[in-house]
Amino acid sequence: MSRVDLGGRVLNTRVDGKGDQWIILSNSLGADLSMWDDQIASLTARYKVLRYDTRGHGGSDTPGAMATFADLNGDVIALMDHFKIEKAAFMGLSMGGMTGMGLAVDHADRITRVVCADARADAPEPFRANWDARIAAIEAGGLEAIVDGTLASWLTEDWRAANPDRVAQIRAMVLANDPQGYIACCHALKGLDCLRRLPEAKVPILFVGGDQDMGAAPAVMQAMADATPGGVYTQIPNAAHVANINAPEAFNAAIAEFLGL
Ligand SMILES: O=C(O)CC1=CCC(=O)O1
């Protein structure tokens with residue numbers, strides 16, 4: 001792990017592998033870079049992998065009370081500059097996938113391809129109101145107030161019953177975040193407005209998502225793929241919102257061809 005000072009914010013990072021091409025991995029709201037552990041063995045066969053904790057998460061700073069996707073995209077470009085990465089593939093889940101879509105539209109000179117997992121591209125009602133409710137719940141009760149609902153939406157009931165130790169680890173990961181950092185990112189999610197810009201995406205995007213993901217439902221992700229030039233959507237069976245943890249083998253198989261693994 002290495003904490004990188006990007007000027008005004010310090011982000012926690014980790015590099016694995018020795019490949020000659022880079023891939024950057026971006027976590028979901030409430031997670032940290034460890035959420036990608038089940039993908040690292042296959043990714044490092046080809047790539048040098050840069051993972052980072054999104055601002056407000058894990059070991060990264062919370063530089064302000066409110067974040068925007070322009071901030072989150074800017075953090076990726078600043079990390080690329082720091083590590084002297086001219087171009088990289090990018091994979092993000094949920095908030096990380098939303099960051100990836102923004103990069104595909106606004107920073108295609110630095111990004112070669114994007115895997116966008118379990119993400120929406122906009123925040124119509126009731127999503128906006130739900131973010132306000134979640135912010136209020138955390139302000140009143142901390143991350144404890146939302147962690148059980150989060151786990152229920154991230155992972156199928158069967159998986160949670162079969163993997164109690166992993167569930168306890170994931171619970172601890174959520175609770176280890178800075179509540180103010182989590183709230184800052186909720187503000188970015190409230191302002192999410194990428195759907196209308198997907199036709200401008202200039203690099204290939206693979207959309208993948210769990211068949212039981214209620215936050216980024218299959219029909220929503222299919223519509224995003226349809227709006228994206230060359231966009232493809234692949235559904236992951238028996239998986240909820242955090243499909244890469246919930247069904248790692250199917251997830252890894254779904255991204256393999258697109259990433260040349
Ligand atoms: O955790 C959730 O409730 C769903 C979610 C939205 C954006 C994200 O990263 O996760």
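Here is a short chat about a predicted model of a protein chain with a ligand.

Student: What polar atoms lie by the oxygen atoms of the ligand, and how far off is the one from Arg134?
Tutor: Met95 uses its backbone: a polar atom there is 2.8 Å from a ligand oxygen. His241 brings a polar side-chain atom to 3.3 Å from a ligand oxygen. For Arg134 it's also a side-chain atom, and the distance to a ligand oxygen is 2.6 Å.

Student: Why call the chain as compact as a globular protein of its length?
Tutor: Start with the make-up: 11 helices and eight strands. For 261 residues the globule rule gives 18 Å, and the chain comes close to that, so it is as compact as a globular protein of that length, with a radius of gyration of 17 Å.

Student: Which peptide bond is cis, and what is its omega?
Tutor: Most peptide bonds are trans. Here, check the loop between β6 (111-117) and α4 (127-141), where Pro126 is found. The cis bond joins Glu125 to Pro126, with omega at about 5 degrees.

Student: Where is Lys84, and what is its phi?
Tutor: Most residues other than glycine have a negative phi. Lys84 sits in the loop between α2 (69-82) and β5 (88-93). It isn't a glycine, yet its phi is positive, at about 55 degrees.

How values were computed:
Residues are numbered from 1 along each chain as its sequence is written. This is a predicted model: local features need pLDDT of at least 70, side-chain atom pairs count only at pLDDT 80 or more; totals for chains, interfaces and linings use all residues. Side-chain values use heavy atoms; hydrogens and water are left out. A polar contact is a pair of N or O atoms within 3.5 Å; within protein, one must be able to donate a hydrogen and the other to accept it, and residues adjacent in sequence count only if both atoms are side-chain atoms. Helices (H or I, at least four residues) and strands (E, at least two) are DSSP runs, numbered from the N terminus. The radius of gyration is taken over C-alpha atoms; the globule rule is 2.2 Å times the number of residues to the power 0.38.
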